[in-house]
2 protein chains.
Amino acid sequence: MEYYSREISQLIGALSRLPGIGSKSAQRLAFHILRMPKEEVDQLGKSLMDARANVRFCKECFTLTDQEICPICASDRRNHRQIMVVESTRDLAAYEKTGKYEGVYHVLHGAISPMQGIGPADIRMKELFVRLQKEDVEEVIIATNSSLEGEATAMYISKLIKPTGIRVTRIASGVPVGGDLEYIDEVTLLRALDGRRDL
Amino acid sequence: MEYYSREISQLIGALSRLPGIGSKSAQRLAFHILRMPKEEVDQLGKSLMDARANVRFCKECFTLTDQEICPICASDRRNHRQIMVVESTRDLAAYEKTGKYEGVYHVLHGAISPMQGIGPADIRMKELFVRLQKEDVEEVIIATNSSLEGEATAMYISKLIKPTGIRVTRIASGVPVGGDLEYIDEVTLLRALDGRRDL
């Protein structure tokens with residue numbers, strides 16, 4: 001990095017610490033940024049700092065938002081008796097994009113992973129149970145990922161909720177729409193078979 | 001983007017305008033940034049704005065630097081009678097990393113490309129000839145890329161310099177060190193043959 005002037009080196013260094021950006025990409029990005037209009041660079045820099053400074057967790061569902069209570073939790077057009085549990089704000093956004101889900105969410109910010117030493121206390125699990133005690137909830141839809149960690153988390157939540165009598169469901173696992181059977185892994189194929197429905 | 005709060009959307013939008021960063025990568029980066037320590041984010045934002053605000057072209061060789069004259073041009077340990085012409089500051093850095101080149105540079109910031117409508121007037125070509133008239137130069141080493149545009153630029157420069165009596169050379173083109181012949185394209189193989197030397 002010493003082959004560039006100090007400020008260019010610092011920029012390359014800062015960019016290369018971002019995930020998925022190696023030293024070559026960081027150089028490419030840095031030189032692109034140096035050729036961008038000054039106002040655009042200032043806007044990018046300000047976006048970074050503003051977002052980090054002002055974004056916080058919603059006090060209800062723990063999604064990342066710039067308000068005390070996120071727009072979904074604050075809305076009275078949403079069904080607050082139906083809570084979908086997701087691993088991240090990005091997963092929440094994925095369901096919001098469908099435009100069809102009318103309940104609210106709970107964002108765990110991770111999943112249980114004994115391999116990585118992440119237990120229930122390391123994610124927003126306790127906060128979910130506090131909500132279930134405080135609010136009048138009819139159904140908890142577990143929409144954690146279909147990975148080992150996501151499944152373990154789903155299992156953990158369902159075991160703790162079932163005794164309370166609240167309905168617990170898990171989103172279906174199977175062949176994705178448009179998926180070609182011959183390219184789909186065996187575990188998914190078996191899941192799809194197990195989850196078959198009468199027509 | 002409307003599924004995220006305003007500041008997160010703005011950050012994702014600004015990141016996705018960078019080259020090689022699509023909307024999914026921008027989301028991943030944005031959520032990584034939101035989890036980074038505040039000081040690191042402030043430092044990244046500041047690096048961006050500082051670099052863009054303070055980096056300029058060296059008045060001698062036109063590389064990107066934070067000084068009026070870059071450290072290479074300002075050094076009296078470099079041979080100022082040998083100028084290596086490169087397309088970009090990144091190419092300059094590639095040669096500096098070898099630690100063996102003792103001359104100075106001239107950065108064109110591009111290459112002649114009729115296909116993209118880039119002519120000699122669109123790159124720092126005139127500035128090279130001004131330097132050659134003003135300074136006492138012995139050799140111009142053309143180290144533009146080995147692409148169509150780089151070769152055209154090399155040809156153009158050599159045709160204009162040769163009548164002046166200054167020595168013009170071109171870096172060798174051939175099989176890269178460690179390169180496996182069977183994986184090397186035909187043009188390169190023929191170049192390597194043309195450029196063969198007695199042992």
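Biologist: In helix α5 of chain A, which residues are buried, and how wide is the arc they fall within, seen down the helix axis?

Modeller: Keep in mind this is a predicted model. With buried meaning under 20% relative accessible area, the ones in α5 (residues 89-98) are Thr89(A), Leu92(A), Ala93(A) and Glu96(A). Down the axis of α5(A) they line one face of the helix, because they fall within an arc of 100°.

Biologist: And what covers the buried residues of α5(A), including anything from chain B?

Modeller: From chain A, the cover includes β2 (64-65), α4 (71-74), β3 (79-86) and β4 (103-107).

Biologist: Which residue just after α5(A) takes a positive phi?

Modeller: Look just past the end of that helix, where phi is about 70°. The residue there is Gly99(A).

Biologist: How are the two chains related, and which C-alpha of chain A is nearest the axis?

Modeller: Chain A lands on chain B with a rotation of 180° and 0.0 Å of shift along the axis, at an RMSD of 0.0 Å. The copies are therefore related as by a two-fold rotation axis. In chain A, the C-alpha nearest that axis sits 2.1 Å from it and belongs to Gly45(A).

Definitions and conventions: Residues numbered from 1 in each chain as written. Chains lettered and ligands numbered in written order. Predicted model: local features only at pLDDT ≥ 70, side-chain atom pairs only at ≥ 80, totals over all residues. Heavy atoms only, no water. Least-squares fit on C-alpha atoms with pLDDT ≥ 70 in both. Buried < 20%, exposed > 50% of the residue type's maximum accessible area, 1.4 Å probe, protein only. Helix = DSSP H or I, 4+ residues; strand = E, 2+ residues; numbered from the N terminus. Arc of directions from axis to C-beta. Contact = heavy atoms within 4.5 Å.
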